[in-house]
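This report describes the surroundings of a ligand and the aromatic rings of a protein. The sequence and the structure are shown first.

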Amino acid sequence: MGILEVKGVGKRFGGLQALGDVNLSVQVNTVHAIIGPNGAGKSTLLNCLVGKLIPDTGSVTFDGKSVLGRKPHEINQMGISRVFQTPEIFGDLTVMENVLIPCFAKRDGAFRMHAYESIEQEPDIVNKAEQMLIDVNMIEKRHMTGSSLSRGDKRRLEMAMCLAQDPRLLLLDEPTAGMARADTNNTIDLLKQIKEERDITMAIIEHDMHVVFSLADRITVLAQGTPLVEDTPDNIKGHPKVKEAYLGETQEV
Ligand SMILES: Nc1ncnc2c1ncn2[C@@H]1O[C@H](COP(=O)(O)OP(=O)(O)OP(=O)(O)O)[C@@H](O)[C@H]1O
Ligand SMILES: [Mg+2]
């Protein structure tokens, strides 16, 4: 049994069946990639895993416990963190202030703005926030505001904010979307490092096959809301069903 079990999940938006009958089992300490063409239902599936959407049918369990019906912050507390398709950071706050938020939230169960006022008396929290920034190679940019960061750095900051919650399952929705090749390669290296250094399971949605084949242990191919095939990267490469799903896209699969 996987740390994350998705069984028979379906979701409709009006007349559109965005997810049909999705079954997925993510094994502990692996990187499981979910790939598929635009509109396949990848983000919808992720939203069902983190409490942003409630599926019409099926079950989702993390560590044997149902996540359905729980609020996003409760799912977060269960040990699931998510990097969104568009980075969600606070543009007016500094890099350090951004990462302090999840550090406080993890310890206190909530974040209160006045926590900053007594920050000198919180060496453990400050040390943790600094360590997260060191881990993602952002410590030198600690005083910059969120809005002034490059796309790649925003992603790294978001990653630090997720890691500060000590997740056991990290969900990543297109972590390299819109990045230049150099930033993409840095992100691959960072995710490999996270995988090696932490007891962490990752489910990653990604369009870029270079990223997928660099990181994934297992791959599920989703098309029109239904998993077509699930296998190892070696077996997925050149698989006829995968080629069919990506018909019309330029990428080699
Ligand atoms: N809130 C919504 N209301 C109505 N339709 C939606 C909603 N969210 C998604 N959809 C539709 O559901 C389908 C699946 O969308 P989803 O965003 O999950 O695809 P995706 O695989 O993440 O695509 P992409 O690769 O472009 O990010 C699409 O046809 C989309 O237009
Ligand atoms: Mg998406």
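The shell around ligand 1 is made up of five nonpolar, seven polar and two charged residues (Ala, Val, Leu, Ile, Met, Phe, Trp, Tyr, Cys and Pro count as nonpolar, Asp, Glu, Lys and Arg as charged, and the others, Gly among them, as polar). The model is predicted: local features need pLDDT of at least 70 and side-chain atom pairs pLDDT 80 or more, while totals for chains, interfaces and linings use all residues. Residues are numbered from 1 along each chain as its sequence is written, chains are lettered from A and ligands numbered from 1 in the order written, and side-chain values use heavy atoms, without hydrogens and water.

Ligand 1 is surrounded by 14 residues, each with a heavy atom within 4 Å of it. The closest are N38, G39, K42, S43 and T44.

| Residue | Atom of the residue | Distance to an oxygen atom of ligand 1 |
|---|---|---|
| N38 | polar side-chain atom | 2.9 Å |
| K42 | N or O atom in the side chain | 2.8 Å |
| S43 | polar backbone atom | 2.9 Å |

Taken alone, ligand 1 exposes 640 Å², of which the protein buries 59% (Shrake-Rupley method, 1.4 Å probe). Two or more residues of the shell come from each of β2 (16-26) and α1 (42-49), and α1 gives the most, with three residues. Such elements are DSSP runs: helices (H or I) of at least four residues and strands (E) of at least two.

Concerning rings, the charged end of K237 sits over the ring of F213, 4.8 Å from its centre; this requires NZ of Lys or CZ of Arg within 6 Å of the ring centre and within 35 degrees of the ring normal.

Key: Polar contact = N/O pair within 3.5 Å; in protein donor to acceptor, adjacent residues only side chain to side chain.
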